[in-house]
Amino acid sequence: MIQRLNSGRRILTYPAVHPCEAIAPRTLLVSLIALTHNICAFKSKFIASNKRNALEAIRQVGVVRVFLEEIRDWLPSGLPDSTVLSFSELHLSFQKLQYLLEDCTRDDARVWMLMNSERVADQFRVLIRAMATALDVLPLDLVHVAVEVKEQVELVTRQARRARFDVDPEDKRVVEAVKKVLIRFEKRVDPDRSELKLVLDHVGIRKWSRCEKEVRFFESEIGFEYLREEKREVSLLSSLIGMLCYSRCVMFDTVDGLPGPRPESNSRSEVVSCLNSEDFRCPISLEIMTEPVTIATGQSYDRGSIMKWFRGGKAVCPKTGEKLKSMEVVPNVALKRLIQQYCTENGIPFGDSGRRSRDSGRTIVAGSLAAEEAMKMLSKFLSASIAVGTVEERKKAAYEIRLLSKTSIFNRSCLVEAGVVPHLLKMLASADSERQENAVAGLLNLSKHSKGKAAIVENGGVDLVVDVLKQGLKVEACQHAAGTLFYLASVEESRILIGENPWAIPALRELIKNGSDRGKKNALVAIFGLLTHPANHRRVIAAGVVPLLFEILTSFDSEALVTDSLAILATLAEKPEGAVAISRCRALDSIVGILNSSTSRAAKEFCVSLLLSLSTNGGHNVVALLVKSPSLMGCLYSQLSEGTSRASKRASALIRVLHEFHETRSSGPVNRVLPQERFVHVR
């Protein structure tokens, strides 16, 4: 079984660790033998490029393995320093060789390894010669093993020094074919399908799912590349993504292995469910960390918060108070992944706005001319397929549009300009649940683009999307429809059209009541968007949404759902009819309880806004009840210093309302809640 030394490393990196100087020789030898077994196990794996070099390296390590196993049976208690040095250098080289072979046999990076054939061949040459150098140090005369084994090692050492490890001629030919394809894209000429087939066959990509794996790898890799200052690989990576996306759509007739979209977890993982979500919050900002880093004391903080702490001249751990010898921070990758998973499973947006801006900014334009032209050609191909293709071709085209439009703004623009929106809208009436879901999911992605919004509305899409929301064939289709309405509602004209559809808001209400957590989330944000049109306030109240929102406040643990519900209630309470509808639910204690217990600054802000609006628009009865709440004043005073600037202002305004009410209704000075001249800060 091949053991991965570091599954989180980036491809073509070799984070090998030199053995400890104090390690026992036998322990080192046993570890070395285990490494050689791992390396030899790669012989049975598929190697798409540099196959000859990889097999030669494996062969030479196999000879060394036999030698090491002979030594293990003889190993005396004391060994010359040169022997230990040789073993240590071999161990370092074999670690790197294992990493290299892992990369050569990856099933999602075959095209990238092909395009780096020269670099990979050079690395094989370097590592095998390092092995030869390490064996040179080994005093073979002092080692008691069979003569023929010694001779084999000496032969391998000579071969390792002489071995050329050149790039395979067939690899070179296929790399040239890739370059020809990319040049044709740049010249706006359809690539020769025989050349695409040559490339795909050479690296063993014979199914749609295999091609999709390659695309995902490149998308991940280009994300890493954008974090680097020089970004030198962005152009090539973008071009190869364009080529593979084109190949995935054009060269494969059926989608295999992935019945739905790229998988998203709908259930809480065992690991995340066993953790306390409070551990995901930065001890300084109290917000969920987006870039967790660990300092010398082992405590983790959000990078921005701890760096600000350090810039303030504080050389101590904020949590433990321990003085720091070093203010170096180390990214906590494992914690970041857990936080991302937690946020995904709970519908919480992950990442700071600046990071999201950078991520979206890099998708506004294609990363290269070849990528740009490939996407334009592909958009026209998909538009034709979904318009006049067979039933299966239209179904596949809808799914491809869904994938291509998911993350790239540039892709959305190309697809809308190619005219796919009207055809997706027609597909919403399909009796095939999968076709309907892919069509509405594609429209959801395209509705994030201004041109997409306009195209959907101009083609009568609002009513068609509402129909799916109301009676979609799958729950997923309904939640995608709600998400589409949310993005459409960012335009005033669309807010009016959606509100005027008699089924829209009632259907959103039903999704809040009976949908999955993601469906509830989409419906809540859609309603919140609709409320920016005044006439929709009355419609939301009439649909009976308010009682459902209070059910969420009292029955759900999802912080995101609670926060969204509070946002809607706070908006409705700004008008008298909304305040009346909310007051009828008799839920002031619930709102105060959330203000007191929630760890979300946004939820606290909405609670304060809601209570202030209820006090203003709900009459003296509301204020009278709030004055009696024993914990409210302490929560409000905390918001003055700990809340957002808006929460602080509204908390101050609500405190004034409560004091004024108390002063006008109190029979004497003895019963004041908190005299203004004796304000205290309650934490």
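This is a predicted model: local features need pLDDT of at least 70, side-chain atom pairs count only at pLDDT 80 or more; totals for chains, interfaces and linings use all residues.

Modeller: H21 passes H22 in a left-handed crossing. Left-handed here means that the near helix is turned anticlockwise from the far one by less than a right angle; clockwise would be right-handed. Helices (H or I, at least four residues) are DSSP runs, numbered from the N terminus.

Biologist: At what angle do helix H21 and helix H22 pack, and how far apart are their axes?

Modeller: About 145°, with the axes of H21 (residues 461-471) and H22 (residues 475-488) 8 Å apart. Axes are lines fitted to C-alpha atoms over the stretch in contact, and angles run from 0 to 180 degrees between N-to-C directions.

Biologist: Which residues make the contact?

Modeller: From H21, Val462, Val465, Val466, Val468 and Leu469. From H22, Ala477, Cys478, Ala481, Ala482, Thr484, Leu485 and Leu488. Contact means heavy atoms within 4.5 Å. By class there are eleven nonpolar, one polar and no charged residues. Nonpolar covers Ala, Val, Leu, Ile, Met, Phe, Trp, Tyr, Cys and Pro; charged covers Asp, Glu, Lys and Arg; the others, Gly among them, are polar.

Biologist: On to the core. How many residues are in the largest nonpolar one?

Modeller: 181 residues. Phe124, Met131, Met243 and Leu636 have the most contacts inside it. Helix H10 (residues 234-250) gives the largest share, ten residues. A separate second core of 16 residues includes Cys282, Phe310, Cys317 and Val329. A nonpolar core is a set of buried Ala, Val, Leu, Ile, Met, Phe, Trp, Tyr and Cys residues joined through side-chain atoms within 4.5 Å. Buried means under 20% relative accessible area, exposed over 50%, partly exposed in between (1.4 Å probe, protein chains only).

Biologist: What does Leu636 touch, leaving aside neighbours within four places in sequence?

Modeller: Leu595, Val608, Ala651, Leu654, Ile655 and Leu658.

Biologist: And Leu632, is that buried or exposed?

Modeller: Buried, at 0% relative accessible area. Leu632 is in helix H33 (residues 632-642). Beyond four places in sequence, Leu632 touches Val592, Leu595, Leu611, Leu626 and Leu658.

Biologist: What does H34 pack against?

Modeller: Its buried residues pack against H31, helix H32 (620-627) and H33. Those buried residues include Ala651, Leu654, His659 and Phe661. The 21 residues of H34 (residues 645-665) should span 30 Å, and the end C-alpha atoms are 31 Å apart, which agrees. The expected span is 1.5 Å times one less than the number of residues.

Biologist: Where is Arg601?

Modeller: In helix H31 (residues 601-617). Arg601 is partly exposed, at 32% relative accessibility. Its contacts beyond four places in sequence are Glu287, Glu642, Gly643 and Thr644.

Notes
Residues are numbered from 1 along each chain as its sequence is written. Side-chain values use heavy atoms; hydrogens and water are left out. Helices (H or I, at least four residues) and strands (E, at least two) are DSSP runs, numbered from the N terminus.
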